[in-house]
Amino acid sequence: MKKIELKNMDKLDYARNEAYKSLRTNIRFCGDDIQTILLTSCTPNEGKSTVSFNLAKALADDGKKVLLIDSDMRKTVLASRLGATEKDGNKIYGLSHFLTGQNEVGEVLCGTNVSGLYMIFAGPEVPNPTELLGNDYFMQLMEAAKKQFDYIIIDAPPLGSVIDAAILTPVCDGAIMVIECNAISYRMAQTIKKQLSQTGVRLLGAILNKVDLKKGSYYQGYYHGYGYYKKAYKGYKGYGSYEKY
């Protein structure tokens, strides 16, 4: 297993920190049978990968052993966004290396400088990600991971763009939709919700993301009442509520 350093982690302010703590608590109340959780969205750029990482970190901060898998082998952003570097300067291998039989699990699994948080990055883009995610290698990876980790968070591609997330649901205990505030229509959100439900996966809820907390917005008063001060966080685009279905 490689040891890597994540150099570009966001420092969460009060509002976001509390939001992830609430999300962590809500996941616990979904039941002790929820171990593998898939996160998807309707479209790209809704902040799903950021939410996936911060959720995994929040669970690790609570003393859990957590594995975050970046399964987006079409357009991954996690490794570059986090500034992930291997301590001895060697190449970081990812999920696409493992699923194509080029590397073993131990060569793609990365320990991080966050205690309890482990990651498998997506690796290089491949022409056939859907086929790779449905092969026996991925099933073997998940079976092994479930024996070693308390939680497995899968950052999946947006279901409104590609079918990859639906391919992954058979190995997941639950799924969460990340929805950007004021960017996704009610009809589209319901369509993606229906697609997830048709796979048979348990839909745990939705995360309303990129909520505008500026003065006068619908959500501003809520966070002000819980220690959120608009002067300190003026214009902040934050994380909103977690709704359980």
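Which residue of strand 7 does leucine 68 stand opposite? Leucine 68 stands opposite isoleucine 153. The views below are taken from a predicted model.

**View 1. Strand 3 and its two parallel neighbours.** Strand 3 covers residues 66-70 and runs parallel to strand 7 (residues 151-155), to which five bridges join it. The pair of leucine 68 and isoleucine 153 belongs to this view. Strand 3 is also parallel to strand 6 (residues 117-120), with four bridges between them. Here valine 66 has leucine 117 of strand 6 opposite.

**View 2. Burial of strand 3.** In a regular strand, side chains alternate between the two faces of the sheet. In strand 3, one side carries Val66, Leu68 and Asp70, and the other carries Leu67 and Ile69. Both faces are covered, and these residues are all buried. Since five of the five residues are buried, strand 3 is largely enclosed by the rest of the structure.

**View 3. Strand 1 and its two partners.** Strand 1 (residues 2-5) has one covered face, formed by Lys2 and Ile4. Lys3 and Glu5 make up the uncovered face. Two bridges pair strand 1 with strand 5 (residues 110-111) in the parallel sense, and lysine 2 has cysteine 110 as its bridge partner there. Strand 4 (residues 85-86) pairs with strand 1 in the antiparallel sense, also over two bridges. In that pairing, isoleucine 4 is opposite glutamate 86.

**View 4. Crossing of helix 1 and helix 2.** Two packed helices are described by the angle between their axes and the distance between the axes. For helix 1 (residues 14-28) and helix 2 (residues 48-61), the axes come within 9 Å and cross at roughly 70°. The two helices are therefore roughly perpendicular to each other. Helix 1 makes the contact through Tyr20, Leu23, Arg24 and Ile27. From helix 2 come Thr50, Val51, Asn54, Leu55, Ala58 and Leu59. By class, this contact has seven nonpolar, two polar and one charged residues.

View 5. Cysteine 181 counts as buried because its relative accessibility is 13%. With a disulfide taken as a pair of cysteine sulfur atoms within 2.5 Å, the count for the model comes to zero disulfides.

Conventions. Residues are numbered from 1 along each chain as its sequence is written. This is a predicted model: local features need pLDDT of at least 70, side-chain atom pairs count only at pLDDT 80 or more; totals for chains, interfaces and linings use all residues. Side-chain values use heavy atoms; hydrogens and water are left out. Axes are lines fitted to C-alpha atoms, for helices over the stretch in contact, and angles run from 0 to 180 degrees between N-to-C directions. Angles under 35 degrees count as roughly parallel, over 145 as roughly antiparallel, 65 to 115 as roughly perpendicular and the rest as oblique. Contact means heavy atoms within 4.5 Å. Ala, Val, Leu, Ile, Met, Phe, Trp, Tyr, Cys and Pro count as nonpolar, Asp, Glu, Lys and Arg as charged, and the others, Gly among them, as polar. Buried means under 20% relative accessible area, exposed over 50%, partly exposed in between (1.4 Å probe, protein chains only). Two strands pair if DSSP finds at least two bridges between them.
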